[in-house]
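Visitor: I have some questions about the labels used for this protein. Could you show it first?

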Amino acid sequence: MVLVHFYYIGSIFFYRALKTDKKYILYNRICMLLVTRLVVSVVSAHQGNIRFNNVTPNEFPEMGYILSIYQDNQGYMWFGTYNGLYRYNGVEYLSFQFKEGDTNTISNSVVHAIVEDKSGNLWIGTEYGLNRYNPETGKFNVFHADKNKKNSILHDHARALNVDSQGIVWIGTYGGGLNWYNPATGKFGSLRKNAAEGRGFKSGRINCLARENDSILWVGFEEGGISRVNTKTFEVQTFLADSLNKLTIADIYIDINKKIWVGTWRNGLFRFHPEAGNFLPEDILPHQNWTAKSIVEDAEGNLLIGSFGEGLIRYNDQSGEKEFFVHDENDVTSLISNQLWKLFADRSKIIWIGSFGQGLGQFDKYRYKMSAFVNFNPANGGLGNKQVNAIFQSADGKIWIGTKSGLNQYDMKQDKIVSYHLPELEITMIKEGSANNLVVATTTGLFLYNPQNRKKTILYRKNPGAAVSQEHITVVKADKSNNLWFAIYDEGLFFMPAIKTPNGFKYDVGKMVQLYSETESNTNSSNIIWDIAFISETEIWLTTNKNITSYTISSGKLEPMAKFAHSVFYDKIPGVVWAGSLGQGLISIDKSTTTTKHYTTANGLASDVIMGILSDIDGNIWVSSNTGISKINPITGSVRNYDTYDGLVSRRFILHSACRLASGELLFGSDNGFTLFDPLKVKDSPYLPNVKVTDIKLFNKSITYEKASGDNKKMDKPLDGTDMVELSYRDNTITIGFVALCFSAPEKVKYAYMLEGFDSDWIYTDFENRTATYTNLDGGEYVFKVKATNADEVWSDKISSLKLTITPPFWKLPLFRATMLFFAFGLVLLFYRNRVQTIKQNALKKYNDEKIKREREISALNNEKLDVELEFKKKELASSTLDIIRKNEELTKLHDELVKISHDVMPKNRARIQKLIKEIENSIDDINQWEYFEKNFNVLHGDFLKRFASDFPKLTNKDLKICAFIRMNFDNKEIARTLNITIESLGVSRTRIRKKIGLDKDLFLNDYILRY
């Protein structure tokens, strides 16, 4: 049995009823300043597995004095303090404070008791009034003592509360005895001091209540002992034996085995003995001069006693085993304070620890699954260096720790370190050696070390005389024959045989050989070897900076098996080689088939940087990395990750610094001490939390029912009291916040949410992103669903739902749509009638257009015919004119020839020839009749000659003829021949015409006439 001796100085703290709250609080604090203790000696069990959290919120430093703790049926935690009531959802605290003049707030800020009734209402006992809080409305109803009313509570100081199966609330007051309230009738009743024998108490000041069953209620008083009340018959049995007479009862607790425990002020712990019918002191400490302020049970059935001054006591009344936990200013994981006021065990088996002045603490057995050694003070049983490079358990069960500054032995029972000063050695690996020696691999060579005489012997150094050597031993292993296999960085693989001796064996340093090094002919090997694994008596596997290589001992044959790795572990039972890389994750290689499987962050591994590999007796593989430790189930492929929230000493572990102890416990070295745990005891929490919607934001602004009114009203109850929110289509940016009511490492909780009617599947997120945002939702009904894991990433089947009704715009309402449909029908009908009329009109128009088109086509054909005829006549006129020209030319030739001949013929013939000449001249004149030409020309050329003669009256007939021939596109030769004049004469005529019509010298006569 562990003995703890405490000696006290100071005064005894106890409650006195004063006139005002301020005086009362001041009195308590003055008394607290007088209470101190002196711990002379403490002998306790190993406390490495017990670590506490300080969960006092930074934003509420006034939560220093925790008077009451409660968990409601939704999973919220409630804390009553000297400075108000607080609700905690695992992430945020919500404060409820008394506000002068506001009847909807709590009646007083000193909260002594909290309990929940069957309807989900919270009852809060304060120093000035009893309060009922309705979560659905967020409002308080206050009950005050009123001497003028028959139906009222007898005293305003409500110190303790209890609710029975009928929903009746029992109130222990500090001055008005035991009261009860029936919500069904709305009436109060009471049992008071000095009542009739068997129906009253010896004191009116009640400190605590505890229910044994639906009929029996235990009541603890200040200086009035303890009473058992039958709440059906109101019979009272008061215990005032010497052991309890005039004692102040601090707490009453009924454990799972129905044992009744009583904590007292300054008189220790008592237990009820039914055979004696009385309470007797429990032998917790060798004296009874201590205060047991609050009592609960932990998950293992141990009694936890929160003392006022001596810290926390864990007591097993079956075995008598006791453990004591006190506050250590140098250890942030120690108990929050030695002055404890209230303990509470929630449904997830977390123990909440309320202190008197130092805030709120927590002990979670599922959170710290691994124990940590972080003591680095050698004078106080600690390591001399934080970085643990090597861990080894020798055959005698001793655990050896190698650091950057030497060798250490770890005593698990005492949780202390024995240091062997080797400050010049940075140890990389430790193995069993000969004759109680250890083989110690370092960055400066290989040594044999005897812990008994602390003698160090060099096994290998390339240059022993040098102050600093370059022999970095990366790995050393021993086979079944005790031979050493080791690697030197960038020097390859070495072998040192062991020789049997009468006392065991020794190493034959002289026969050390280098098995191989990288050569041009041996490209499968590498000089940089990181790890060795013995597969069989004839085969070892090596990890190098090139690949994972199988090495046949007898032949020295090398065969690459997989890509390179830095650590290797052979699990003989399934025949699987596990290799860890510094960036490519974990590789499993089936020895019989050489098939490989990779585990990386894509498979759920915490990191792809693998430092150490171990297995447990269940076949699970445990790997350390640079971000924690992971457990892999090779059969299912599942991966479970652990970090500092689970108790790891650090997130950054050291290469090869891992060891499985004979007990099955696993030990991993890190850059900040080492972590030790039993893998069979690493259990996930079975508690699956509720998830609550905590906030709804519209355009990043939270909405609350208190501020909503009129058309802006979104909800008529707080989010905790409603399952439906109505929004408008104008609210087109909606953000929903949520949280899991998980109080064990809430930072590790994972979430999934979806909006039915919008999302097709679950959307996964984490603690840092506990919101869902939706924009431009169509009008209609949606259901927002959210679920979560616990801190061990086990998904809960509890799904929280919130119905969202998005009110569409008026033009999407059914009535509006019906009206629009009717209107649309009318429009369609009107459109149909107009369409029919349009079709008729279009048909008539089409007919008329076709008719006009045909008429135009006929007209065009007629015009075309006329044009053809006109063109024909023009061509006919031109042709006839040319014929006249040719005839005139021939007649002219004949005329000229006859004129020549007439001079040479006889006189009688001359007269005849002259007569013939005269007839030819007359014939030429007949052909050039101008009237005939002018008439036909004007018809073909739009009265050109008439218009031209009218516009230019000075023109002669000859001039007009020349203009007519130009209009007909005759050239100068054709015009001269037609008029029987010379070219020169024609030129003179053209000049004369230009002058008569006043033609500018820059214009051509032909162009002017053709365009006229």
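Guide: Start with K511, which counts as exposed because its relative accessibility is 56% and exposed means over 50% (buried is under 20%, partly exposed in between; 1.4 Å probe, protein chains only). This is a predicted model: local features need pLDDT of at least 70, side-chain atom pairs count only at pLDDT 80 or more, and totals for chains, interfaces and linings use all residues. Residues are numbered from 1 along each chain as its sequence is written, and side-chain values use heavy atoms, with hydrogens and water left out.

Visitor: Why is D508 called buried?

Guide: Its relative accessible area is 16%, and the limit for buried is under 20%.

Visitor: What makes D508 and K511 a salt bridge?

Guide: Their side chains meet at 4.0 Å, N to O. The term requires a side-chain nitrogen of Lys or Arg within 4 Å of a carboxyl oxygen of Asp or Glu.

Visitor: Why is K232 called partly exposed?

Guide: K232 has 45% relative accessibility, so it falls between the limits for buried and exposed. Its salt-bridge partner is D214, at 3.6 Å. D214 is partly exposed too, at 27%.

Visitor: Why are α6 and α8 called roughly perpendicular?

Guide: Their axes cross at roughly 95 degrees. Roughly perpendicular covers 65 to 115 degrees, so the label applies. The axes are lines fitted to C-alpha atoms over the stretch in contact, with angles from 0 to 180 degrees between N-to-C directions. Helices are DSSP runs (H or I, at least four residues), numbered from the N terminus.

How values were computed: Helix = DSSP H or I, 4+ residues; strand = E, 2+ residues; numbered from the N terminus. Parallel < 35°, antiparallel > 145°, perpendicular 65-115°, else oblique.
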